[in-house]
Amino acid sequence: MDMTGEYRIGAPRAEVWAALNDPEVLKACIPGCEELEKTSETTFEAKVVQKIGPVKAKFSGAVELVNIEAPASYTIQGEGNGGVAGFAKGAADVALADNGDATTTLSYQVHATVGGKLARLGSRLIDSTAKKLAGKFFDNFHAHLSPDAEVETEDQPQEQPA
């Protein structure tokens, strides 16, 4: 599954970059996140509970930041294991652009795969759930950085043909 999206966030690029690297901010913004611990400058351990169709699973996993070009871009890659529900793994290229008006455009490209019971649910259900979760994360992230502003999306998460 591949997705792309772009969000205009009402905060300067340096502030958005700092928030993207702050485990407390990320924990508050990731839907279903129960724990998020920074284990090094570039790695995190997480526990996330998600319901995808009839399957509810608790994922434990590791996330690593690579290709870091502070404060402009990085790749976040990781893998989560949901026990009998299966696994999910993927990577997202995240880029920040300063708009010159104290706002930042955050764009991303995601590639992810799932296996186990999750994979048997069907790609439409997985894709729609992934888009919903990505949208919720960015809505939460935007609200954290600009609590008085309305969410402005220039391009909601889009499914890309495989």
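Is tyrosine 74 buried or exposed? At 4% relative accessibility, tyrosine 74 counts as buried (buried is under 20% relative accessible area, exposed over 50%, partly exposed in between; 1.4 Å probe, protein chains only).

The model is predicted, so local features need pLDDT of at least 70 and side-chain atom pairs pLDDT 80 or more, while totals for chains, interfaces and linings use all residues. Residues are numbered from 1 along each chain as its sequence is written, and side-chain values use heavy atoms, without hydrogens and water.

**View 1. The buried face of helix 1 (residues 13-20).** Val16, Trp17, Ala19 and Leu20 are buried in this helix. Helices are DSSP runs of H or I, at least four residues, and strands are runs of E, at least two, numbered from the N terminus.

**View 2. Tyrosine 7 against phenylalanine 138.** Rings of Phe, Tyr and Trp (its six-membered ring) pair if their centres lie within 6.5 Å; planes under 30 degrees apart are stacked, over 60 edge-to-face, the rest tilted. Tyrosine 7 and phenylalanine 138 are stacked, at 4.8 Å centre to centre and 20° between the planes. Tyrosine 7 lies in strand 1 (residues 2-9) and phenylalanine 138 in helix 4 (residues 123-145), 131 residues apart. Both are buried.

**View 3. Tryptophan 17 with tyrosine 74.** The ring centres are 5.2 Å apart and the planes at 55°, so this pair is tilted. It links helix 1 to strand 5 (residues 73-81), across 57 residues. Tryptophan 17 is buried, at 13% relative accessible area.

**View 4. An aromatic cluster.** Ring pairs join Tyr7, Tyr108, Phe137, Phe138 and Phe141.
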